[in-house]
Amino acid sequence: MARRGVALFLLLASCGHPGGVMTPVSSSLAMPPTSRVDMLVATTREPSGNPATLFNGERSSKPHLTQISISIPAKREAGTVQWPKRLPPDPATDFAVTNVQQIDTVAQGRVWFRQHVHSGHALVFIHGFNNTYEDSVFRLAQIVHDSKMQATPVLFTWPSRAEITAYEYDKESTNYSRTALEQALRTLAADPDVKDITLMAHSMGTWLAMESLRQMGIRDGHVNSKIHNVILASPDIDIQVFAKQYVEMGEPRPKFTIFVSQDDKALAVSSFITGRVSRLGAINPAEEPYRSKLEKAGITAIDLTKVKTNDRLNHGKFAESPEIVQLIGQRLMTGQTLTDSKVTLGQGITAVVGGTVTNIGTVAATAVAAPVAIIEQPVTRQRPPRPADETLDGDLKKQPLTQ
C-alpha cells in the first residue's frame, strides 16, 4: 500500500522548469517581434522578498495587487508555455516578464483597468493545485494569447506550496482565500468600466471559485449580476458538495460551463485521496443521471475525454488544446451557444447542452469508459458508493435546518 501511495503522488509530479522568472528582462535588450499580455494579479500569497519570485506559497494576512506584462515569442506551438531553459529568458524563444509594478490602492487598480479595458469584458482566472506564482502568471498569459479573447485578464492566485505532498495545505489555502476572492470580485464589479465578468477556474481552484460565489450568494441572495459566465475546468469538487454550492449561491445564477474528462489522472488521484469520492470533473455528462441533472440546472458540460494533448495527466486539456482554448475565448466568454454549425472543432468533442448531447466535431457522442485506474491492484471499498441520482436529487434543493 505504501508503494501504491508513492506511485499516486509521483503521478502528479511535473517535469520541472527553471524558477525565479519574475525579474523583468532588461529594457536595454533589443526585443524581437513578440506578443504582449498585460494582466492584473491579486494574491493572498506572502511576499517572498525576492524580485525573481515575488510571492511564495505561504499565506499573507492581507491581499496584494500587482500589474505584470509578459512577452510571448512569435514562433511557438499554441497550447504550450515556453519556459526558459536558462535565465535570463530569451524573448525570442521564451515567455518573459517585461514589467512588474506593485499596486497599492483600489484607485490605482482602476486606473490600470481603464487603460487596458476591452469592451468592458473582464476574465478572472484561478489556478489549481501545485502551482507557483509564476506558474499561474505564465498559464494565464498563454490562455489569453492563444484564445484571442477580447477581455482584460485578472489573475487570482492563492497560496499553493507547489509540492505534490501538500494537497491538504493547498485545499485549506483555498478556504483561507474565499473572502479575498469574493472581495476582489465585488471590487471589480463595482468598477464602472466593467460590463461583465467571466470567472474561469481550474482543478482545485474551482473549489475556491464555488465557495466564493456561494458566500456572495448567502450575503446578497444572489451572485453579482455582472458575473455572467463561470467556467470550471477539470473541477476537483465532490459532486454532492458542488450541488449544494450551486443551489446556495441563490438566483439568478451565472451561466455555468464545466469541462470534464474521464481519463483525468490527477482527478483520479484526488478521488483516491478523498476516500474514493467521485469528482465533478470526471463524470460522463452524456449518461444518466448526470444528463438530466445538468439539464435541470441549466449547466453546459463539455466532454474532453477524446481530446489528445501533451499533458500526460490529461488534467489541463482546456488550456493545452488550441481548439478548446479558442472556444473559451471566442464563444463561452461571450455567452454564445455551442449548438450552431459554426462550431466545428474536429476532435470528436461532445457537449451536453440543455440535456441534449451535441456533437462538436466529427465523432458521435457515445458512452465512454470509467475513470482511469490509478493503482495496479483493486482497492477494497469500505462501503458501496451511493447512486448518483440519490446523492444529487436532494442536494439540488434548498434544505432548511428546521421544518
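Predicted model: local features only at pLDDT ≥ 70, side-chain atom pairs only at ≥ 80, totals over all residues.
Residues are numbered from 1 along each chain as its sequence is written, and side-chain values use heavy atoms, with hydrogens and water left out.

## Overall makeup

The protein chain holds 12 helices and 11 strands, where helices (H or I, at least four residues) and strands (E, at least two) are DSSP runs numbered from the N terminus. Of its 403 residues, 53% count as buried; buried means under 20% relative accessible area, exposed means over 50%, and partly exposed lies in between, with a 1.4 Å probe and protein chains only. Among contacts in the protein chain with a separation of 6 or more, 76% come from residues 24 or more positions apart, a contact being heavy atoms within 4.5 Å.

## Two nonpolar cores

A nonpolar core is a set of buried Ala, Val, Leu, Ile, Met, Phe, Trp, Tyr and Cys residues joined through side-chain atoms within 4.5 Å. The largest one has 48 residues, of which Ile126, Leu213 and Phe256 touch the most other members. Helix α6 (residues 205–220) gives the largest share of this core, namely six residues. Apart from it lies another core, of 40 residues, which includes Leu54, Phe138, Ala151 and Leu304. In soluble globular proteins, nonpolar side chains tend to be buried together. Leaving out residues up to four places away in sequence, the contacts of Ile126 include Phe156, Trp158, Leu181, Leu199 and Leu208.

In helix α2 (residues 106–115), the residues Gly109, Trp112 and Phe113 are buried. They lie on the same side of α2 because they cover an arc of only 100 degrees around the axis, the arc being that of the directions from the helix axis to the C-beta atoms. The face turned away from the buried side of α2 carries the exposed residues Ala107 and Gln115. The partners against which the buried residues of α2 pack include β1 (34–47), β3 (96–103), β4 (121–126) and α5 (178–189).

Thr157 lies in strand β5 and is buried, with a relative accessible area of 0%. The side chains of Thr157 and Arg45 are joined by a polar contact of 2.8 Å; such a contact is a pair of N or O atoms within 3.5 Å, where within protein one must be able to donate a hydrogen and the other to accept it, and residues adjacent in sequence count only if both atoms are side-chain atoms. Beyond its neighbours within four places in sequence, Thr157 also contacts, among others, Val41, His127, Tyr133 and Ser136.

Trp158 is found in the loop between β5 and α4 (167–176) and counts as buried at 0% relative accessibility. The C-alpha atoms of Trp158 and Ser173 are 6.7 Å apart, although 15 residues separate them along the chain. Ser173 belongs to helix α4, is buried with a relative accessible area of 0%, and touches Arg59, Trp158 and Pro159 when residues up to four places away in sequence are not counted.

## Backbone features

Most residues other than glycine have a negative phi, and most peptide bonds are trans. The table lists departures from both patterns.

| Feature | Residue(s) | Angle |
|---|---|---|
| cis peptide bond | Leu87 to Pro88 | omega near 0 degrees |
| cis peptide bond | Glu251 to Pro252 | omega near -5 degrees |
| positive phi | Ser119 | about 55 degrees |
| positive phi | Ala162 | near 55 degrees |

Pro88 sits in the loop between β2 and β3, and Pro252 in the loop between α7 and β8 (255–260).
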